[in-house]
Amino acid sequence: MAKTDRNDLISIIEKNDNIIDIPKTLPLMPVRDVVIFTDMLLPLFVGREKSVRAVESAVTKDNYIMLATQKDSGLEDPGADEIYRVGTIGRILRMLKLPDGSVKALVQGIAKAKILKFVRKRAFYIVKIETILESPVKKINVETEALMRSVREYSEKILALRGELTGDVGSILENINDPGKLADLVASNLRLKINESQMLLESIDPVKRLKKVNNMLCREVELSSIQAKIQSNVRDEISKTQRDYFLREQVRAIHKELGEQDEKAQEIADYKKRIKRAGMSKEAKKEGQKQLKRIEQMHPDSAEASVVRTYLDWLVDLPWSKTTKEDINIKSAKKILDKDHYSLDIVKDRILEHLSVRKLNPKTKGSILCFVGPPGVGKTSLGRSIASAMNRKFVRISLGGIHDEAEIRGHRRTYIGALPGRILQGLKQCGTKNPVFMMDEIDKLGSDFRGDPSAALLEALDPEQNFEFSDHYINLPFDLSKVMFILTANLTDTIPSALLDRMEVITLSGYTEEEKKIIARTYLLPRQIKENGLKSKLMTISDGVMLQLITQYTAEAGLRNLEREIGRICRKVARKIAEGEKGPFHITRNNLQKYMGVPKYYPEMDQEESQIGLSTGLAWTQAGGEVLYIEASFIKGKGELIVTGQLGDVMQESARAAVSYARANLGSFGVKNNFFDNIDVHIHVPAGAIPKDGPSAGIAMATALISVLMNKPICKDVAMTGEITLRGRVLPIGGLKEKALGALRSGIRTIIIPEKNKKDLVEIPKNVKRKIRFVPVKRMDEVLTVAMEKERSQKSKVRGQGKD
């Protein structure tokens, strides 16, 4: 570089040592999306009016123009603040005016310059500039040489990856010995961001600029390598796809020459036949044909084709019009129910009534039956018997633990792996639209952020709505009105009221010991003998042993554990036979413990003798009725009430009511009125780990408390159930049948019940009423008369009485 002697010109020395003079004020052309370096030669298409005027002004004078990059390429008319101050002085080598008024100019970068001042801004920009002097590299040391070599190698790698490397390019790179010139040449050909290119342009030190270029080249090599790898993989995949396509077309042509159909045409023809035979509704048929047209236009191996194919398979396989012909014979149905189930007369009568209505009016919508009872009482097997009696298919699903609404309504087809809900899956499985559809564990449905399955069941179970049930996957109305839904539950408390309102609840309470013995002998024992590979001649179980299994090894309302224990005996016998022993094997009371071990339960009651302050109440649980022992005791204190045994709020209130009744009637019990001033009352219900609640233990609590006050024992074989009031009245309770069966299993012989529960004695089996004396009472004093122990002879006489 050299300084000029004239004030209005700048003198610049070119590569061939020629000195050129450039004015200090030049027209400015803002450029977009590019930063122009020195010695860079490129064509520019100029279309903006100001830029065209700047080019024309430069051409009319000395062909020099200031080129600076604008900061925002989207601006059509950038202001002075929107243009970088450092740019390049360019020489216009050639200019061509185009018919649309724009200009095409060939420009070469001459030198770096800095804009000092905007002289004019109206028609086009005229700026005052000064050149930027670079620090000269006097001597190229080893480090700089290594840096230049690295830049050359990186540049050749990038060009090779892009497929642009030629011998001429390599020669040009080798012939440049100036670090600054090499940096500018490489930077002008790198695909850099505007701010990165501008940073290099403003860098004055050539070596530092070359280091920055080297770092950028290193990053660009990595990116280009990855890009080349991706493109290679894509090309390979495209080549494979094209190859498969050509082969498939050849196979299609071969099939055509042989007069055969190709796979896709055969598949389309098959779907058309299946749609025609499916007996769909108009909407479903229209949707099926629409999806068939879509699959015809798709590639067979595409992901979308697989989704549509799965949807069509479900659509044509659903039983839109397939039904099983009903053959309802009431007498035959009664025989089937009696054959499959012993007892349960009330339940059987209701089922036969339902079938009778179906026979007289096949179009009736009917009701939704819900069997409620403890585990193992035969709820599911009743559904199978109903299906057999009606000559229908039987479908069963379990709803226990379901939290997702999509399990009932299905998933929308936008999701990967979407399927219809459990209801349509069951109908497809059975292949008919009028099966007996059993939904087990309706009381164990859950709900969370994915929806409420019980709400989705409302539409499916409501006879007024289910003729147009909509599944999210099929997305078409499906008629469920022909389906006979039967639901099962252990209790109704957790079933939503809106869902419970649509069902007719039929309660299965449980079985007596005699009923269990007959069922075990008739059904359970033969089934276990068969399942364990035995023969009935090789093993016998006496009636006494069967009764002992029921009373001492199980304590349940149903039969599940009893069958399990019978199976245990059969397995031990099977092992003996497998070891070479010969039968027959007779299971008696004397050798039962060898097979079963020590008895788990003792039905003679836990209390061996009548005690003061210990009464027997009755509780209802999901597994049936159970006895509940209640203890009362007095300790020195301040008249407080202590309640233990993990009792709920209602049961604690019953305890307070019992204490208040006792304190209000101290005189009639022969106790002073200030007795409780220095006494604390402690009421405890054993089995403290089990939560308990309900009002029916009120009279049992009061009886235990008054027994301590009067110092009289309570009969050990007397149980009681009823709610107590402050005036001593005994209010009715629920679950009497279950409680009576539980009391019988525990050896209770007398049960005190509220007077208003006499109507419920009709539901009690006759053999239970023969073994248990039911005493209806209205007031608490009647309870005390029956419960307090009399002379031993009188108590024995009471035990021997029976009452239907």
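**Pockets, cavities and salt bridges in the predicted model**

The lining of the second largest pocket comprises, by class, 15 nonpolar, 11 polar and 10 charged residues. The structure described here is a predicted model. The volume of the second largest pocket is about 830 Å³. Its lining is made up of 36 residues, of which Ile-346, Thr-507, Ser-509, Lys-737 and Glu-763 are the closest to the centre of the pocket. Two or more lining residues are contributed by each of helix 11, strand 15 (503-507), helix 17 (513-531) and helix 23 (736-745).

Two cavities of 30 Å³ or more are found when the whole structure is searched. The largest cavity holds about 140 Å³ of space. This cavity is lined by 14 residues, and those closest to its centre are Arg-358, Lys-365, Ser-481, Val-483 and Met-484. At least two residues of the lining of the largest cavity come from helix 11 (345-360), and at least two from strand 14 (484-489). In terms of residue class, five nonpolar, five polar and four charged residues line the largest cavity.

The second largest cavity contains about 40 Å³ of space. Its lining consists of Lys-264, Glu-267, Ile-268, Ile-295, Met-298, His-299, Pro-300, Ala-305 and Arg-309. Helix 7 (263-277) and helix 9 (303-317) are the elements that supply two or more residues to this lining. The greatest contribution to the lining of the second largest cavity is that of helix 7, with three residues. Divided by class, the lining of the second largest cavity has five nonpolar residues, one polar residue and three charged residues.

Glu-49 and Arg-53 are separated by about one helical turn, because they stand four residues apart in helix 1 (residues 49-60). Glu-49 is exposed, its relative accessible area being 54%, whereas Arg-53 has a relative accessibility of 35% and therefore counts as partly exposed.

A salt bridge is also formed by Arg-521 and Asp-543, whose closest N and O atoms lie 2.8 Å apart. Because Arg-521 belongs to helix 17 and Asp-543 to helix 18 (residues 543-552), this pair ties together parts that are 22 residues apart in sequence.

On the surface, a nonpolar patch is formed by Ile-226, Ile-230 and Val-234, which together present about 270 Å² of accessible area. Ile-226 is located in helix 6 (residues 206-258). The relative accessible area of Ile-226 is 51%, and this residue is therefore classed as exposed, the threshold for that class being over 50%.

Gly-383, by contrast, is buried, with a relative accessible area of 0%. Gly-383 is placed in helix 12 (residues 379-390). The C-alpha atoms of Gly-383 and Phe-437 are 8.3 Å apart in space, while 54 residues separate the two in sequence.

How values were computed. Residues are numbered from 1 along each chain as its sequence is written. This is a predicted model: local features need pLDDT of at least 70, side-chain atom pairs count only at pLDDT 80 or more; totals for chains, interfaces and linings use all residues. Side-chain values use heavy atoms; hydrogens and water are left out. Patches are made of residues with over 30% relative accessible area and no salt bridge: like charges are joined within 9 Å, nonpolar side chains (Val, Leu, Ile, Met, Phe, Trp, Tyr) within 5 Å. Accessible areas come from the Shrake-Rupley method with a 1.4 Å probe; for residues, only the protein chains shown count as cover. A salt bridge is a side-chain nitrogen of Lys or Arg within 4 Å of a carboxyl oxygen of Asp or Glu. Buried means under 20% relative accessible area, exposed over 50%, partly exposed in between (1.4 Å probe, protein chains only). On a 1 Å grid over the protein atoms alone, a cavity is a set of points where a 1.4 Å probe fits but cannot get out, and a pocket is an open set with protein on both sides within 12 Å along at least five of seven lines; lining residues have an atom within 4 Å of a point. Grid points are joined across faces, edges and corners, and a volume is the space filled by probe spheres set on the points. Ala, Val, Leu, Ile, Met, Phe, Trp, Tyr, Cys and Pro count as nonpolar, Asp, Glu, Lys and Arg as charged, and the others, Gly among them, as polar.
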